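My entries follow in the order in which I worked.

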Amino acid sequence: MKNTKKTLILKPGRDRSVLARHPWVFSGAVDRVEGNPASGESVLVRDASGLALGWAAYSPTSSIRARMWNLNPDEIVDGGFFEGRIQQAITRRLALVPVGETDSLRLVHAESDGLPGLVVDRYADTLVVQILTTGAEFWREVIIDALVKLTGVQTVVERSDVDVRQLEGLAPRSGVLSGQVPGMVEIRENGLRFQVDVLNGQKTGFYLDQRRNRQRVSELAAGREVLNCFCYTGGFSIYALAHGAKQVVSVDSSAEALEMGQAHLALNSLPADLAEWVEGDVFKELRTLRDQGRSFDMVILDPPKFAPTAAQAERAARGYKDINLLGLKLLRPGGILATFSCSGGISAELFQKIVAGAALDAGIDARIVQTLTQGPDHPVGLAFPEGAYLKGLIVQV
Ligand code: SAH
């Protein structure tokens, strides 16, 4: 056992969640830390009686004071450890997402792949890496070397420009780490083509977590007039038109995203006159459409995170209710609402209640015909329910 002087000792009884395989050790569970570990360095976690439980990454400023790397005091966390974990994550993906029609997917999904703080998305032949915690930061070089070795991909981009790094005492960082990024990266998803701005786009460039939902929702879009709110670069819009939608109106506040959405029509040989692109605030535009007396056969609502944590849940709930109420009212009889929340602070149960409340207030009778979640390349560790962030409902009125 190397490094045993750097130790984190838990308070009595606070080893329970660790033993239940939950990866987070909160500051309140920590009795003391010995050996003065550096930020991100590995510490041996012991229970109050001194029994060694496993290794964790130390995070001195975060209320999540440590994140477990393993539950095996004899397994050293080193380059070989990361290679092994990353290889396992990649192997699992191969069994889940058939290659061919799709060349882009999430390879590593942080805690749920046993690698807290590490997100890796593959866009065709480019990897985009997000390092979110001190532990992943500590092993950054090792992790990137392992990724290049195991995937054979030469172009690697870092997009660690996210707010959560602040909680870990880390500054944002982004840029090309190796290879050359040719402006946009063209990807294929379920046979459709999209341009991804891996350097400046939102998140790591594209919302890969919605791949299956774009497919499922668009299967219901044939012959329908569709309103796609928070459309980003037109994912759901392109899918809907490719599946025979009669017309698609797409709304987003980002002019760059809309421009890319328009370009995606030509890229997929879809007629431009079936698509209308509206730059604006969805909360306002839904009211404008209502006041104009417009109606649709399908409304898609895929807003950004209104509530990253439970603390913002109440305000977020009002936002979700507002757009869902307005969206439902724009639907013709028999119409379909595909509505999503990617807020960690809003549970699936609460989300359903909010949508039910919106329907009630709108005076609309509706039923859930399918519940949706994030794609299988964004798995949820069974012991880590926090990993389940995306929920969606297909509702028919
Ligand atoms: N459905 C998309 C992803 C949506 S991400 C896809 O499948 O790719 C959320 C989008 O909402 C972003 O593009 C962001 O620019 C946009 N957005 C955020 N707040 C907004 C608002 N108030 N009005 C309109 N668009 C907004």
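I began with the largest cavity, and noted that helix 3 (residues 134–138) supplies the largest share of its lining, three residues. I keep in mind throughout that the model is predicted.

I then listed the residues that line this largest cavity, and found Ala57, Ser59, Arg67, Trp69, Pro116, Thr133, Thr134, Gly135, Ala136 and Glu168. By class I recorded four nonpolar, four polar and two charged residues in that lining, around a space of about 40 Å³. I also checked how many cavities of 30 Å³ or more the structure holds, and the count was one.

Next I turned to the second largest pocket, for which I noted about 440 Å³ of space. The pocket is lined by 20 residues, and those nearest its centre are Arg21, Pro23, Arg85, Glu111 and Gly114. Helix 2 (residues 79–94) gives the most to this lining, with three residues, and the lining as a whole divides into nine nonpolar, six polar and five charged residues.

Last, I looked up how helix 9 (residues 282–291) sits against helix 10 (residues 313–329): their axes come within 10 Å and cross at roughly 25°. On the helix 9 side the contact is made by Val282, Phe283, Leu286, Arg287 and Arg290, and on the helix 10 side by Gly319, Asp322, Ile323 and Leu326. I classed the residues of this contact as five nonpolar, one polar and three charged.

Conventions
Residues are numbered from 1 along each chain as its sequence is written. This is a predicted model: local features need pLDDT of at least 70, side-chain atom pairs count only at pLDDT 80 or more; totals for chains, interfaces and linings use all residues. Side-chain values use heavy atoms; hydrogens and water are left out. On a 1 Å grid over the protein atoms alone, a cavity is a set of points where a 1.4 Å probe fits but cannot get out, and a pocket is an open set with protein on both sides within 12 Å along at least five of seven lines; lining residues have an atom within 4 Å of a point. Grid points are joined across faces, edges and corners, and a volume is the space filled by probe spheres set on the points. Helices (H or I, at least four residues) and strands (E, at least two) are DSSP runs, numbered from the N terminus. Ala, Val, Leu, Ile, Met, Phe, Trp, Tyr, Cys and Pro count as nonpolar, Asp, Glu, Lys and Arg as charged, and the others, Gly among them, as polar. Axes are lines fitted to C-alpha atoms, for helices over the stretch in contact, and angles run from 0 to 180 degrees between N-to-C directions. Contact means heavy atoms within 4.5 Å.
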